[in-house]
Amino acid sequence: SSGINAEYGSVASMGNIVTVGPHECCIVSGGCCGTQGKSYVIGGWAWAWWCVSQVDKISLRVITLTPTISSVETKEGVAITCSGVAQVCVMKEPQMLEFASEQFVGKNQKDVEDIILQTIEGHFRAILGTMTVEEIYSDREGFAKNVRAIAGPDVSKMGIRIISFVIQNITDNVDYLKSLGVKRAAEVKRDADVGVAKSTAESGIKTSEAERQHMEAKYSCDALIAENKKTYEMKQAEFNQEVNKSKAEAELAYELQAAKENQTIKQEKMQIEVVERRKQIDIEEQEVQRKEKELECIKRAPAEAESRKVMILAEAQKTKTLALAGAEAAAIKAIGGAEAYQIEALGKAEAEQMSQKAAAYNQYGDAAIMSLILESLPKIAAEVASPMNKIEDIVMVSGNDGSMSSEVTKLLAQLPPSVQALTGLDITKALEQIPGVTQA
């Protein structure tokens, strides 16, 4: 540690540490072995070698300048005096610090301010010569912008920046501005008088218009009030109707609910009665079952025994009856066989007889048929007259002529159809086929 302290002490004895605040810039130039670089330090410290290092400082504070131009002629040749206020400062960029150090190192604050002021005033004067008094007076902000725009690049070459520039005062020695003011005042007064007249006329017009609008608004409001009143009354009537309707519905709903409640009560009562009846039925069924068991014990057992006895006797009688029926059936079958044989023999005999008759009919022809018809007529007459044996008297009612013969004739005329209906034989055709017989 003693060696480090000794080395530090030897180095410290060869130079100084320079410190600066945030409003200053320290410029260290020169150095050992012919160093040509510069060091710029703002708000810090720097090392400076004795005898071989140059230390300079530049203020970074804002500088306020008041450029004033006296008796400068404008574009129209009017001599005016114009003053302004400019705020400038040194820029902190390394290139700008180098420009500023080259221009202002070694100069005092007054010299720096004079250099910047003269530059601004030169551009100030040049710009005034390109504008009219009216333009300068009416557009001071535009004029100040032109000064900043034109003077800015020149002062930036010295590392200076124009923060702000404003026109403070404009005067002249020939009362040009005053004349402009008088003229402007007259114009303003004239415009004011014209404005008053126009305002008076417009006021009358607007008063009448306002009165008309007032009356229209009043009538409109009255109509609207009447309409709203009518609407209110209609709404009130509708509301009353709805209230009455709601009351009626509420009353009906109450009655309906009461009816439902009564119905529910009745249903509950009926349910209670049903339950009671079911209980009564259960009791009665149990009583019936008890009596049935009692009856079964007292009467059913003997009755069943008697029933079995009757069934046994009936079964025996059934067996006996079936045996007798079988014997009778065998006898009837034998008798039926004999009768069938007899009928078959009779049928064969009748068939033989009919065959012989048919052969005879074929042999004798129409005479045989006529003989058969004549033999059958008495039988037919007997069959027809048999129901009349029970008739004691016959009364014949004749037609208009009152002839009995006509009635007999009609009766005989109805005989062939009756015979045909009974036997299927057409007597008329049979008679026509007999040789020698002609139809009357």
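Does isoleucine 160 count as buried or exposed, and at what relative accessibility? Isoleucine 160 in strand β9. At 1% relative accessibility, isoleucine 160 counts as buried, because buried means under 20%. The residue lies in strand β9, which covers residues 160-172. Leaving aside residues up to four places away in sequence, isoleucine 160 touches Val88, Cys89, Val90, Met91, Phe104, Ile116 and Val155. Leucine 60 is 100 residues away in sequence, with a C-alpha to C-alpha separation of 10.0 Å from isoleucine 160.

**View 1. Packing of helix α3 with helix α5.** Helix α3 (residues 109-128) and helix α5 (residues 140-156) pack with their axes 9 Å apart, at an angle of about 135°. That angle makes α3 oblique to α5. The crossing of α3 past α5 is right-handed.

**View 2. Residues between α3 and α5.** From α3, Thr119, Ile120, His123, Phe124, Ile127 and Leu128 take part in the contact. They meet Phe143, Asn146, Val147, Ile150, Ala151, Asp154 and Val155 of α5. Of the residues in this contact, nine are nonpolar, three are polar and one is charged.

**View 3. Confidence along the protein.** The mean pLDDT of the protein is 76, and 75% of its residues reach 70 or more. Confidence is highest in strand β6 (residues 63-65), at 89, and lowest in helix α1 (residues 2-12), at a mean of 41. Over residues 1-12 pLDDT stays under 50, and the model has two contacts beyond four places in sequence for this stretch. Where pLDDT is low, predicted coordinates should not be read in detail.

How values were computed
Residues numbered from 1 in each chain as written. Predicted model: local features only at pLDDT ≥ 70, side-chain atom pairs only at ≥ 80, totals over all residues. Heavy atoms only, no water. Axes fitted to C-alpha atoms, helices over the stretch in contact; angles between N-to-C directions. Helix = DSSP H or I, 4+ residues; strand = E, 2+ residues; numbered from the N terminus. Parallel < 35°, antiparallel > 145°, perpendicular 65-115°, else oblique. Left-handed = near helix turned anticlockwise from the far one by under 90°. Contact = heavy atoms within 4.5 Å. Nonpolar A, V, L, I, M, F, W, Y, C, P; charged D, E, K, R; others polar. pLDDT = per-residue confidence, 0-100. Buried < 20%, exposed > 50% of the residue type's maximum accessible area, 1.4 Å probe, protein only.
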